[in-house]
Amino acid sequence: TVWEAKKLCPQIILVPSDMDKYFAITQELIKIVSDYSPTVEVFSIDEMFADITDTQNLFAGGSLAMALEMKQRVKQQLGDWLKCSVGISHTKLLAKLASEMHKPDGLTFLTPEDYLDKTARVAVEEVCGIGYSRTHYLHGRGAYTLGQARQLLDLPPEVYDLVWLRLNNELITVNDLDPAKSVSRTFTTFSVLRTQDSVLRLVRNLVEEACAKLREMNMAGRTIALSMDNLPAGRQGFWSRQTLKIPTCDGKLVFELLVKEYLKNPVSPVRQVGVWISNLIFNVQYPMFNK
């Protein structure tokens, strides 16, 4: 956390995140990976899966040639400073684990014949799906590596499958996702906002970001909400929610409605602000006139 970092390193210089830049880089990375397979699942802001079962046959060097070319393109198009680790295997779980094994610029194969041997010394917490509680459980039974965990006979089924790396989930592509149910934007400031103007400027920015995301998804929402927090001890934070008759993705309209509610009970100081738009539908063109 920030306070722990300051305690360990008082001279630390904190800088705000640049999410627009991060997402722009992510979009470029998605474009590169999509050139090698039509089936791509974006797993996080810097991680994705690609099903190359069929497309690897289009490359003379197969999956190895694809991976090497992909890594080279990342360097050429995004910069030498951006490293790229690739894992290749026959399941998602194994491919992800392989990509973690030789960072920051690795290329690792795990085959059906060798994956158990190659992963025997991997720490149990390195497996996607083995979180804090499962790690604590395995450590409590003396298993710190996958090889040690595989010696245990009576593991719960969900832990057993992860230890033996037997999960094989399908890739989730954009077309497979359910429509979004809400869009939200929250922000915690570096310093406390003590004036109404500074609070409303932040609200306006968050509203515009949320509405821009709605328009990008071709959606609109009927329920809008605003929250504010980090007030002095003993005082309640601000919370307001209202449902409109007609869905909207108009930032100006949403902002004006939220401001009207805020001014009924203006609170300060404020450090954290959140905006939510829910009750979503796909956008449609409404008539200009009643008839």
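Modeller: Apart from its neighbours within four places in sequence, Thr119 is in contact (heavy atoms within 4.5 Å) with Leu97, Met101, Leu110, Leu146, Arg150 and Leu165. The model is a predicted one, in which local features need pLDDT of at least 70 and side-chain atom pairs count only at pLDDT 80 or more, while totals for chains, interfaces and linings use all residues. Residues are numbered from 1 along each chain as its sequence is written, and side-chain values use heavy atoms, with hydrogens and water left out.

Thr119 lies in the loop between α5 (115–118) and α6 (132–140); helices (H or I, at least four residues) and strands (E, at least two) are DSSP runs, numbered from the N terminus. Thr119 counts as buried because its relative accessibility is 0%; buried means under 20% relative accessible area, exposed over 50%, and partly exposed in between, with a 1.4 Å probe and protein chains only.

The side chain of Thr119 also makes polar contacts with the backbone. A polar atom of this side chain lies 2.6 Å from the backbone oxygen of Tyr115, and the side chain reaches the backbone oxygen of Leu116 at 3.5 Å. A polar contact is a pair of N or O atoms within 3.5 Å; within protein, one must be able to donate a hydrogen and the other to accept it, and residues adjacent in sequence count only if both atoms are side-chain atoms.

Lys118 belongs to helix α5. Lys118 is partly exposed, because its relative accessible area is 42%. Beyond its neighbours within four places in sequence, Lys118 is in contact with Met101, Phe109 and Leu110. A polar atom of the Lys118 side chain lies 3.2 Å from the backbone oxygen of Phe109. The C-alpha atoms of Lys118 and Pro157, 39 residues apart along the chain, are separated by 23 Å.

Turning to the nonpolar cores, the term denotes a set of buried Ala, Val, Leu, Ile, Met, Phe, Trp, Tyr and Cys residues joined through side-chain atoms within 4.5 Å. The largest has 31 residues, and those with the most contacts inside it include Val203 and Val207. Helix α9 gives the largest share of this core, nine residues. A second, separate core of 20 residues includes Leu97, Leu110, Val122 and Ala143. Of these, Leu97 and Leu110 are also in contact with Thr119.
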